Amino acid sequence: DGGAKTIAETLKTKPSVQSLDLSNNDIGDGGANAILEAIKVNPNIKKVNLAGCNVSNDILTKINDELKRNQDTVEIEVKGANNTTLTKKFQVTNNN
């Protein structure tokens with residue numbers, strides 16, 4: 001989670017970043033929550049890939065909700081906790 005937290009802090013000051021691929025890394029809820037906080041500060045992030053990470057559905061839902069607030073179209077790709085074979089992909093269009 002420490003690496004994800006460092007990335008999250010950097011994202012807060014890099015508005016040019018639009019896509020983030022952190023798939024297959026040792027990231028849990030702590031690191032994902034830090035990414036969530038960075039998304040709140042950097043509304044330019046449109047896509048986050050956390051496939052193969054150990055992030056709970058609660059945090060993934062919060063990330064998805066924040067991306068919906070920040071963007072017209074967002075995509076989050078996730079893989080089930082503990083690298084199970086379940087893969088979910090969400091794409092949401094918000095016309096507000």
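Mentor: A salt bridge is taken here to be a side-chain nitrogen of Lys or Arg lying within 4 Å of a carboxyl oxygen of Asp or Glu, and in this predicted model the count by that rule comes to 4 salt bridges.

Trainee: What makes the meeting of Lys 40 and Glu 37 a salt bridge?

Mentor: Their side chains come to 3.2 Å, N to O, and because the rule asks for a nitrogen of Lys or Arg within 4 Å of a carboxyl oxygen of Asp or Glu, the pair qualifies. Both residues lie in helix α2, 3 residues apart, which is about one turn of the helix.

Trainee: Why are Lys 40 and Glu 37 called partly exposed?

Mentor: Lys 40 has a relative accessible area of 42% and Glu 37 has one of 32%; buried means under 20% and exposed means over 50%, so values in between are called partly exposed.

Trainee: How do you know that Asp 58 and Lys 62 meet in a salt bridge?

Mentor: The distance between their side chains is 3.5 Å, N to O, and since the limit is 4 Å, the pair is counted. Asp 58 and Lys 62 are 4 residues apart in helix α3, and therefore about one helical turn separates them. With relative accessible areas of 46% for Asp 58 and 39% for Lys 62, both residues are partly exposed.

Trainee: Why are helix α2 and helix α3 called roughly parallel?

Mentor: Helix α2 (residues 29–41) and helix α3 (residues 57–70) pack at an angle of about 10°, with their axes 10 Å apart. Angles under 35 degrees count as roughly parallel, so the description holds for this pair, and α2 is roughly parallel to α3.

Trainee: Which residues meet where α2 packs against α3?

Mentor: From α2 come Asp 29, Ala 32, Asn 33, Leu 36, Ile 39 and Lys 40, and they meet Ile 59, Lys 62, Ile 63, Glu 66, Leu 67 and Asn 70 of α3. The residues of this contact divide into 6 nonpolar, 2 polar and 4 charged.

Trainee: What makes a set of residues a nonpolar core, and which residues touch the most other members of the largest one here?

Mentor: Its members are buried nonpolar residues joined through side-chain atoms within 4.5 Å. The largest core has 21 residues, of which Ile 27, Ile 35, Ile 39, Leu 50, Val 55 and Ile 63 touch the most other members. The elements giving two or more residues to this core are α1 (2–11), α2, β2 (47–50) and α3, and the largest share, 6 residues, comes from α2.

Trainee: What is in contact with Ile 27, leaving aside its neighbours within four places in sequence?

Mentor: With those neighbours left aside, Ile 27 is in contact with Asp 1, Ala 4, Leu 22, Ala 32, Cys 53, Asn 54 and Val 55.

Terms used:
Residues numbered from 1 in each chain as written. Predicted model: local features only at pLDDT ≥ 70, side-chain atom pairs only at ≥ 80, totals over all residues. Heavy atoms only, no water. Axes fitted to C-alpha atoms, helices over the stretch in contact; angles between N-to-C directions. Parallel < 35°, antiparallel > 145°, perpendicular 65-115°, else oblique. Contact = heavy atoms within 4.5 Å. Nonpolar A, V, L, I, M, F, W, Y, C, P; charged D, E, K, R; others polar. Buried < 20%, exposed > 50% of the residue type's maximum accessible area, 1.4 Å probe, protein only.
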